[in-house]
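I opened the model today and kept notes as I went. Here is what I had on screen.

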Amino acid sequence: MNPRDVWVIARFELARHLRSRHAIVAGILLIGFCAFGSYRLAEFADRLSEVGTKLGPALGFITGAIESTTGLPATDIAGLLEDHPPVLVVLFALVLAFMPVLCLILVYDQTATDIETRHVRFLLFRSDRVSIYLGKALGALALLSLAIGAVLVVVGVFLAVRSNALEGMTGVVYLGRIWLTATLYALPFVALLGLMSALVGRARRSFGFTLLYAFAVMTLAGLLSLVHEDLRSIRYLFPSVDRFDLMLDGFRDVRGTALYLSVYTLVAGALGLWRFRTRDL
Amino acid sequence: MNPALRVRNLSKSYGSIKALEGMDLDVRAGQIFGVVGPNGAGKTTLFSVISGFLPADSGEVEITGQTLRRGSPPPRGSLSILPQDALFVAELNLGLQLRHYGELQGLSPAKAASEAKRVLDIVGLPEVHERKAKSLSHGMHKRVGIAQAFIGSPPVVILDEPTAGLDPHAAREIRALLREIQTGKGTVIVSSHNLAEVEDLCHEVAIMAHGKLVRQDSIASVVGSATVIVFRLGRVPVAAELEPLRALPFVSEVLWSPGEERLRVDFDPEQQPPGPAARDMLGALIEAGLPFVEVQVGKSLEDRFLEETAVK
């Protein structure tokens with residue numbers, strides 16, 4: 001592996017993705033998300049400022065809404081709402097909720113089109129397969145990181161202008177945390193989608209197979225849990241499980257999920273790399 | 001002096017199909033070298049292994065004296081290739097793509113940018129630097145493909161069917177371009193199904209069949225010293241019209257081949273060298289009132305190719 005090649009390929013990948021059709025589609029979706037999300041969050045912030053964040057009934061209502069989205073315990077959510085700007089806590093939950101879809105749309109095609117069009121052959125005699133694979137994965141991660149960053153900046157600026165929901169620097173720092181968490185949470189998806197891309201070698205099939213895989217995992221986990229509750233763990237084969245734990249502040253609360261996602265990233269990444277290294281290109 | 005490329009006992013199978021079987025090849029530096037063979041002979045597999053696209057099952061490849069490690073790309077900057085059917089990224093500017101390739105070859109961003117412009121100038125397409133790949137015609141795409149292979153001026157360049165799918169005009173331009181680019185310093189290895197093209201372009205040729213090297217020699221040696229002159233006539237001759245030819249003392253056999261629509265005349269070059277023999281034969285044809293369209297002295301590479309690949 002050559003770190004310089006990884007960097008060169010990552011830069012090129014970023015340029016390739018930004019000019020691709022799927023990036024344009026994702027861009028439109030993100031604009032829609034930003035517009036709708038910003039408006040609703042600003043409305044929500046206005047209402048909160050009317051009733052006051054310390055009012056029990058209002059917080060109870062918000063806690064219930066977040067609980068139904070994230071599945072986190074109500075006490076943990078109440079703690080988050082006490083410690084951080086409530087509007088940004090809601091934004092954090094929304095970002096994590098949409099992350100699997102965003103990842104799927106933006107980075108399903110890491111090596112697939114290159115394999116399909118044989119463009120990868122222009123690279124193969126210039127660099128090694130490990131550098132090419134990792135460079136493409138890094139480019140995909142950078143793209144996701146940029147997309148999340150753009151959403152947070154737009155929403156953040158809108159909230160700052162429209163209301164005082166950001167609560168000054170506290171909110172800016174919290175936005176930074178959302179960005180970092182979401183970027184790190186993208187890692188297992190980059191690894192999984194890289195694996196699919198290398199396995200299938202066709203962009204659209206890679207997208208379809210990933211959707212099918214997610215659906216199959218969730219369906220199978222649901223059905224088999226009827227037989228035995230422990231078989232519900234099959235759902236961990238798709239990295240959308242327990243993602244809202246990442247919103248929690250305590251290291252102990254996050255540790256288990258972080259470890260699971262790290263292992264998932266390593267396993268999916270290693271499998272994808274192995275496939276890319278061994279397949280005919 | 002190390003050869004530009006040395007292949008020893010190279011084998012590669014796809015399941016039960018042996019694409020390369022104990023292939024040997026030596027390519028001297030500073031020439032245009034042709035590789036020909038029927039479909040499935042293993043040409044593209046050979047190039048794929050040399051370029052690191054495919055790992056070999058066994059055998060050894062040396063590029064400018066450096067051994068290729070199994071499953072690894074060639075030593076940096078030692079070799080580049082125009083892969084068959086590889087496409088550029090449709091939505092990106094070609095200048096950006098060529099710069100990217102240059103940087104991957106270890107060039108600085110500034111040097112890669114100047115190389116991108118240089119190679120596009122070489123292939124006569126400086127205007128496509130800012131154009132997207134999807135806007136190129138097939139011929140332009142081939143030219144840019146050739147351009148990318150010359151980034152950084154690698155000592156060995158492989159062109160896998162550089163004129164495939166091109167019209168005769170574009171193919172001729174590509175051949176002229178290759179002659180111009182290859183000025184004796186680098187080594188260009190070309191595969192083609194167009195044997196006349198290889199005969200016209202290359203100094204040396206390797207004939208492959210069934211994953212093996214059947215013959216490797218200079219074009220002159222493969223085609224051989226002329227013992228036959230072939231005429232393409234304007235019409236089918238009658239037997240009496242061929243009598244003046246048969247009467248020539250150095251002519252041993254005159255044969256009209258209806259299938260090929262060619263008149264083959266065997267002669268003894270000891271009695272009459274090929275040039276004067278052709279002149280005398282033409283005189284005999286004119287005397288008989290037979291119009292001719294084309295004369296070919298000696299066997300063509302195509303004849304040799306068919307002989308070599310059929311026998312072995």
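**Ground rules.** I'm working from a predicted model, where local features need pLDDT of at least 70, side-chain atom pairs count only at pLDDT 80 or more, and totals for chains, interfaces and linings use all residues. Residues are numbered from 1 along each chain as its sequence is written, with chains lettered from A and ligands numbered from 1 in the order in which they are written.

**Chain B overall.** I counted ten helices and 14 strands in chain B; these are DSSP runs numbered from the N terminus, helices being H or I of at least four residues and strands E of at least two. The C-alpha trace spans about 70 × 45 × 35 Å along its principal axes. I get 39% of the 312 residues of chain B as buried (20 or more other C-beta atoms within 10 Å of the residue's own; exposed is 12 or fewer, partly exposed in between; C-beta atoms are placed from the backbone).

**The four-stranded sheet.** I then looked up an open, antiparallel sheet in chain B, ordered β12-β13-β11-β14 (two strands pair if DSSP finds at least two bridges between them). Its edge strands are β12 (251–257) and β14 (292–297) of chain B, each pairing on one side only. Inside the sheet, four bridges join β11 (residues 228–233) to β13 (residues 262–267) of chain B, and B:Ile229 has B:Val265 as its bridge partner. Helix α9 (residues 274–287) of chain B packs on this sheet, touching β11, β13 and β14 of chain B, and its direction makes about 160 degrees with that of β14(B). For that I used contacts with C-beta atoms, placed from the backbone, within 7 Å, and axes fitted to C-alpha atoms (for helices over the stretch in contact), with angles from 0 to 180 degrees between N-to-C directions.

**Cores.** Which residues touch the most other members of the largest nonpolar core? Of its 151 residues, they are A:Leu96, A:Cys103, A:Leu144, A:Ala186 and A:Val190 (a core is a set of buried Ala, Val, Leu, Ile, Met, Phe, Trp, Tyr and Cys residues joined through C-beta atoms within 7 Å). Helix α9 (residues 169–200) of chain A gives the most, 16 residues. Apart from that core I noted another of 13 residues, including B:Val251, B:Leu263, B:Ala277 and B:Met281.

B:Ser153, in the loop between α4 (138–149) and β7 (156–160) of chain B, has a positive phi near 45 degrees. B:Glu161 has a positive phi too, about 55 degrees. Is B:Glu161 buried or exposed? It is buried, with 20 other C-beta atoms within 10 Å.

How values were computed. Two residues are in contact if their C-beta atoms, placed from the backbone, lie within 7 Å.
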